[in-house]
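User: Hey, can you walk me through this protein? I'm new to reading structures.

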Amino acid sequence: MVWCPMLTAQYVLLHHILERPLEPERRRRVLRSFEYTRLEGGTWGLHEHSEPHLFVTALVYVAARLLGVEPENPLVVPARRFLQAEGVLGIPSWGKFWLALLNLYDWRGLNPVLPELWILPRWMAVHPSKWYCHTRLIYMAMAVVYAHRFQAPVTPLTASLRQELFLEGYANVDFSAGRKRLREADLFARPTVWLRAAYRVARLVERFHVRSLRTRCTAAIIERIRWELRSSSHTSISPVSGLLNILALWLRDPDDDDCHKALTKLDDWIWEDEERGTRVTGARSASWDTGFALQALATVPDIDGAREALLRGADFLHRQQIGSSFEGFRDAFRVDPQGGWCFAGGWHGWPVSDCTAEAVLGIIAAHGKEASAPELGDAVPFMLRGQNRDGGFGSYEARRSVIGLEWLNPAEMFGDSMTEHSYVECTGSCVAALAACRQDSQPTANGEVTRAIARADAWLRRKQRSDGSWRGVWGVQFIYGTLFGVRGLLAAGARPDDPALRSACRWLLDRQRGDGGWGEHHSGCLTGRYVEHEESQVIQTAWASIALLEAEDPDWAGISRGVRFLVESQEDDGTWPKQDMVGVFFRTALLDYVLYRQYFPLHALGLYEQRRRGRC
């Protein structure tokens, strides 16, 4: 799963801070990736379709200079002009944080990240244990780093960078004023009046904090970081928090064993090749992809190699299930991981509700009635632990906060990132998997499963929009959400003539384009509206076609036109072309799931052929 060069830049910055230069071949490939990911004007953004971002451009610019790129190199000249024109003082807070570590910004220009937050009573609605897991882990590590106020030594290169970034002279910059300055074009979640008030309180705490208490708080957080590293094979939940975890341990003890193990495991997040260079991925997706790939292959079991691939894929998934609980998971604000599957593999240690569901569905697709009862039985309670009070399912865990906390979102560039929610994708996937386990007579608590499915069915019906669609969160956006809404209702027992299904199918067919395909533009994720793409998209056409086929829509001509678009779009080697990114998280970060454009079209074609034969 490919994201933006932000993570690769931070990987470089971390190695500079730790005084561990990249070896020459890695350095060359990192610079190649910076060159490859540049936007048309020579800047960098949150994704390949992005407008220029001050945050990403500044980090990549500094990283390139630290790797030895000279100021007048064509790779960085347009970026420097952009940074000087926009003013680095307006960089979002995460950028200010990294620049402060490099001695290219003053810590006075940041709002405090207080370690003391973690000793608040856990019953409080704003306690970090209530935050979305990615957010709480990022700010947990940031709290330790902030407490140290570390800054790298000033070198001639540092002095040069200061002049390049601040034309008025570094000594003349009013960093305290910069605390409130944010470039509008970089923002999605602007600081609310409540967040600004919380920052004022935090500054008072920072001014009068008790040193001994802070020492105890940071020591306790360090132990939480160790637990996170050890329970995730020293990879952390993602490289975003993982890089900060390494830094937090290094600041306490440069010879820390967990720190060195985590540094070694950074390679697990890296893809590299000659064409696109070295990239630090936002996530590995092997279990997620395998679950969907098996479901697609199961629609064409008679094709040469399909049966063997199904068995090998199912065997892989069997090995990736988390077989036992982790000691201390409650103290780490975690749910019991036993029985779950992670997005990547079992080594990751962070199982997800819909990753578990799609793995279960993949195994059942491969083995049918012969699917392993104990493993699927263990998966059921894990999925049930992710169901929210409203009947929908969260991702990593059920929602913990009884109130919304988005008004305290400090992540400026991202939205919906403070608490778990109920997601139509997670709900649709979990209902499908729970129903499949029950239908296959697995030894599950069928009464509890039946009630969970009924609650989820009611939630899906409440969340369906009046036009028949559902809004997705982890994909772009209404076509993706509607696929999972349809799948969830069908799994819960809806018949093809159910009004909710017919409304969803009408919505899809009304948005079919003249060439037979479907295309939804990612810009709608920012506003919550459906925005038609100027071109039909293979993946979204596959999503729409799968939904229509599974719902047994009677408009065979419309379905056939969509399938014809997929057939005509296929390359001679059997692949489909890369188009716009269709994955997304936190509303603004587009993701390229590389295999989506393979298994979703295959799944649509396989279902179509099955239904066509049934009509004959």
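This is a predicted model: local features need pLDDT of at least 70, side-chain atom pairs count only at pLDDT 80 or more; totals for chains, interfaces and linings use all residues.

User: OK, helices first. How do you even describe two packed helices?

Analyst: With the angle between their axes and the distance between those axes. Axes are lines fitted to C-alpha atoms, for helices over the stretch in contact, and angles run from 0 to 180 degrees between N-to-C directions. Helices themselves are DSSP runs (H or I, at least four residues), numbered from the N terminus.

User: Which residues of H6 and H11 make the contact?

Analyst: From H6, they include Leu137, Ile138, Ala141 and Met142. H11 brings residues including Val240, Ser241, Leu244 and Asn245. Contact means heavy atoms within 4.5 Å. By class, this contact of H6 with H11 has 11 nonpolar, 3 polar and 1 charged residues. Here Ala, Val, Leu, Ile, Met, Phe, Trp, Tyr, Cys and Pro count as nonpolar, Asp, Glu, Lys and Arg as charged, and the others, Gly among them, as polar.

User: And is the crossing of H6 and H11 left-handed or right-handed?

Analyst: Left-handed. A crossing is left-handed if the near helix is turned anticlockwise from the far one by less than a right angle, and right-handed if clockwise.

User: What about H3 and H7, at what angle do they pack?

Analyst: Helix H3 (residues 54-66) and helix H7 (residues 156-165) pack at about 150°, with 11 Å between their axes. That makes H3 roughly antiparallel to H7. The crossing of H3 and H7 is right-handed. Tyr61, Val62, Arg65 and Leu66 of H3 meet Leu157, Ser160, Leu161, Glu164 and Leu165 of H7. That contact of H3 with H7 splits into 6 nonpolar, 1 polar and 2 charged residues.

User: Got it. One more pair: how far apart are the axes of H13 and H24?

Analyst: The axes of helix H13 (residues 286-297) and helix H24 (residues 596-615) are 8 Å apart, with a packing angle of about 30°. H13 and H24 are therefore roughly parallel to each other, and their crossing is left-handed. Among the residues in contact are Trp288 and Phe292 of H13 and Tyr596 and Phe600 of H24.

User: New topic. Which residues touch the most other members of the largest nonpolar core?

Analyst: Trp3, Phe34, Trp94 and Tyr596, out of 196 residues in that core. H6 gives the most to this core, with 11 residues. A nonpolar core is a set of buried Ala, Val, Leu, Ile, Met, Phe, Trp, Tyr and Cys residues joined through side-chain atoms within 4.5 Å. Buried means under 20% relative accessible area, exposed over 50%, and partly exposed in between (1.4 Å probe, protein chains only).

User: What does tryptophan 3 touch?

Analyst: Not counting residues up to four places away in sequence, tryptophan 3 touches residues including Leu46, Val240, Phe414 and Phe585.

User: Now loops. Where is glutamate 412, and is it buried or exposed?

Analyst: Glutamate 412 sits in the loop between H16 and H17. At 3% relative accessibility, glutamate 412 counts as buried. Its phi is near 45°, a positive value in a residue other than glycine.

User: And glutamate 406, where is that found?

Analyst: Glutamate 406 is in the loop between helix H16 (373-385) and helix H17 (424-439). At 28% relative accessibility, glutamate 406 counts as partly exposed.

User: Last one: is glutamate 72 buried or exposed?

Analyst: Exposed, at 59% relative accessibility. Glutamate 72 is in the loop between H3 and helix H4 (77-86). Leaving aside neighbours within four places in sequence, glutamate 72 is in contact with Val77 and Arg80.

Methods. Residues are numbered from 1 along each chain as its sequence is written. Side-chain values use heavy atoms; hydrogens and water are left out. Helices (H or I, at least four residues) and strands (E, at least two) are DSSP runs, numbered from the N terminus. Angles under 35 degrees count as roughly parallel, over 145 as roughly antiparallel, 65 to 115 as roughly perpendicular and the rest as oblique.
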